[in-house]
Amino acid sequence: MELRFFILSVCLSAGVLAGKYSKEMNEQKVSKEGKTAVEFRIAKLNQVWEKANRMQLAPVRLSELHSDLKIQEKDELQWKKLKAEGLDEDGEREAKLRRNFNIILAKYGMDGKKDNRALDSNNLKDHDVREGDMFDDPRLNKLWNKAKISGKFSEEELQSLRREFQHHKDKIHEYNIVMDTVSRTEEIHKNVISTVEGEGKQSALHEKHSDLKQRMRDLNQGFERLRRISHEGFSTDNEFKEPRVIELWEMARRSNLSEDELDSLKEELRHFETKVEKHQHYQEQLEYSHQKLQHVESLGDQEHIMRHKEKYNNLAEKAREMGYKMKKHLQDITNKLSQNGLPHNEL
């Protein structure tokens with residue numbers, strides 16, 4: 001059994017893309033009944049998905065993973081076509097795909113490392129997280145507690161502010177994951193003997209350090225924004241409500257886009273914000289449906305269980321679909337902004 005899990009871990013961590021694709025492994029398999037038997041068209045992504053289901057990640061967390069894996073699948077299949085056409089000779093796209101895959105593994109606690117951060121799961125916690133310590137960062141917690149008792153915010157504004165704080169917490173988490181992958185890459189590079197190979201890897205490492213620096217600048221700017229809002233309240237002339245959309249709009253205004261292009265992007269961001277709100281709605285409904293299903297299962301009525309399970313599965317599918325659409329749209333907007341002189345460091 002230990003050998004089996006060791007082999008699975010190696011398969012997930014290897015990230016070797018070139019030459020590993022085969023029709024049997026990477027095309028969706030079809031059962032005798034004609035139904036799709038696997039979730040993804042790439043074997044290693046199915047392995048991750050199956051492992052996540054065994055880990056019993058919380059429903060919303062599982063839905064987020066599914067969206068991330070769909071984006072990874074899309075990018076890897078695009079890369080496969082480019083590779084077949086003789087493009088990506090320097091391996092830059094391949095390296096980025098490998099890095100993104102490793103980040104997904106770390107983000108959901110499947111990189112083989114013991115994670116001190118609390119991982120969401122279906123298991124009930126034996127204690128509640130204290131309200132004042134919800135953001136795992138002393139500066140964020142202090143700022144949040146002050147804002148909450150300041151009297152400057154309505155209940156609706158507090159909910160919006162809480163989403164802003166949660167978004168910043170997630171970005172800190174992402175930064176730590178990327179920093180960890182860079183540290184491990186440095187350790188590997190120390191053992192490189194070939195001078196030519198070493199120079200190439202040193203260049204890639206320099207790019208990753210630049211990425212880290214930009215992420216840190218983004219974190220500092222984000223924290224300053226939170227501090228300003230916490231002290232002054234929300235501006236009445238805000239174009240958007242959602243943290244990610246506000247961040248993208250601020251990035252756009254710092255870019256080389258013309259006024260006409262900014263107006264066009266503003267309209268696109270409004271559509272994107274609608275997707276974000278729909279995604280949040282489905283996530284909330286999914287969480288509620290899961291709690292209801294657990295309650296019904298505890299009663300043991302099979303008819304009720306089957307009915308609620310069907311509702312839960314339908315909601316899970318909608319949440320995954322909307323999550324993919326939202327992340328794909330985010331990727332498109334970020335790519336557009338990166339083409340206009342802004343750093344591109346999405347996950």
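This short talk walks through one predicted protein model, helix by helix.

Hi everyone, and thanks for coming. Before we look around, some ground rules. Residues are numbered from 1 along each chain as its sequence is written, and side-chain values use heavy atoms, with hydrogens and water left out. Because this is a predicted model, local features need pLDDT of at least 70 and side-chain atom pairs count only at pLDDT 80 or more, while totals for chains, interfaces and linings use all residues.

Let's start with the whole chain. How many helices and strands are there in the chain? There are 11 helices and 0 strands. Here helices are DSSP runs of H or I with at least four residues, strands are runs of E with at least two, and both are numbered from the N terminus. Of the 347 residues, 40% count as buried. Buried means under 20% relative accessible area, exposed means over 50%, and partly exposed is in between, with a 1.4 Å probe and protein chains only.

Now find helix α3, residues 43–55. Its 13 residues should span 18 Å at 1.5 Å a residue, and the end C-alpha atoms are 19 Å apart, which agrees. The expected span is 1.5 Å times one less than the number of residues. Among the buried residues of α3 are Leu45, Val48 and Trp49.

Most residues other than glycine have a negative phi. Glutamine 56 is partly exposed, with a relative accessible area of 41%.

Next, how do helices pack? Two packed helices are described by the angle between their axes and the distance between the axes. Axes are lines fitted to C-alpha atoms, for helices over the stretch in contact, and angles run from 0 to 180 degrees between N-to-C directions. Take α4, residues 59–84, and α5, residues 92–107: their axes come within 11 Å and cross at roughly 165 degrees. That makes α4 roughly antiparallel to α5. For the cut-offs, angles under 35 degrees are roughly parallel, over 145 roughly antiparallel, 65 to 115 roughly perpendicular, and the rest oblique. The axes of α4 and α11, residues 302–338, come within 8 Å and cross at roughly 45 degrees, so these two are oblique to each other.

Last stop: helix α6, residues 138–149. Its 12 residues should span 16 Å, and its end C-alpha atoms are 17 Å apart, which agrees. Which residues of α6 are buried? They are Leu140, Asn141, Leu143, Trp144 and Ala147. These residues cover an arc of only 165 degrees around the axis, so they lie on the same side of α6; the arc is that of the directions from the helix axis to the C-beta atoms. On the other side, Pro138, Arg139, Lys142 and Ile149 are exposed. At the start of α6, a side-chain oxygen of aspartate 137 reaches to within 3.0 Å of the backbone nitrogen of arginine 139. After α6 comes glycine 151, with a positive phi near 80 degrees.

Definitions and conventions: Polar contact = N/O pair within 3.5 Å; in protein donor to acceptor, adjacent residues only side chain to side chain.
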